[in-house]
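Take a look at the structure below. This report walks through its sheet and its aromatic rings.

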Amino acid sequence: MTQRKNAEKITDAEWKVMHVLWDRGRLSSNDIVTAIVPETGWSPNTVRTLLIRLTDKGILRVEKKRGKEKDYPLCFYTPLFSREDCEAVHSRSFLERVFAGDASRLLAHFVNESSLTPEQIEELRAKLNDL
């Protein structure tokens with residue numbers, strides 16, 4: 001399975017980790033835990049397990065550096081895919097699974113189910129006109 005194919009396998013919980021890294025860039029595992037635990041209520045070990053899974057899937061790169069205060073390595077994580085790449089992979093997969101590849105049905109569904117501002121409606125209209 002290619003790394004790009006692995007990007008299709010990001011779970012809902014793993015998306016939370018990825019959003020933190022995309023928003024903030026390269027971070028230590030401790031910084032990621034500090035960012036996620038208050039929002040989710042997860043244990044630090046849960047977050048570290050998600051980091052290991054994402055690394056094993058080839059979605060994150062880990063760098064280990066010797067810590068000064070402790071005799072254990074500090075781990076720093078960096079995404080190997082951009083947010084846009086992962087969104088593209090997942091949106092294509094979602095479109096195929098849920099809407100049988102029919103983008104007009106998907107768009108109609110989200111337009112009907114969402115509260116769009118006039119600005120968002122105009123932006124959508126402009127994008128459709130560009131097509």
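What follows covers the strands and helices, then the rings.

This is a predicted model: local features need pLDDT of at least 70, side-chain atom pairs count only at pLDDT 80 or more, and totals for chains, interfaces and linings use all residues. Residues are numbered from 1 along each chain as its sequence is written, and side-chain values use heavy atoms, leaving out hydrogens and water.

**The sheet**

Three strands form an open sheet in the order 1-3-2, with antiparallel pairing. Strands are DSSP runs of E, at least two residues, and helices are runs of H or I, at least four; both are numbered from the N terminus. Two strands pair if DSSP finds at least two bridges between them. Strand 1 (27–28) and strand 2 (60–66) are the edge strands, and each pairs on one side only. Seven bridges join strand 2 to strand 3 (residues 73–79). Here Leu60 stands opposite Pro79.

**The rings**

The whole structure holds three aromatic pairs. Rings of Phe, Tyr and Trp (its six-membered ring) pair if their centres lie within 6.5 Å; planes under 30 degrees apart count as stacked, over 60 as edge-to-face and the rest as tilted. Two of the pairs are tabulated.

| Pair | Centre to centre | Between planes | Type |
|---|---|---|---|
| Phe94 and Phe99 | 5.9 Å | 65° | edge-to-face |
| Phe94 and Phe110 | 6.3 Å | 40° | tilted |

Phe94 lies in helix 5 (residues 83–99) and Phe110 in helix 6 (residues 103–113), so their pair ties together parts 16 residues apart in sequence. Phe94, Phe99 and Phe110 form one aromatic cluster.
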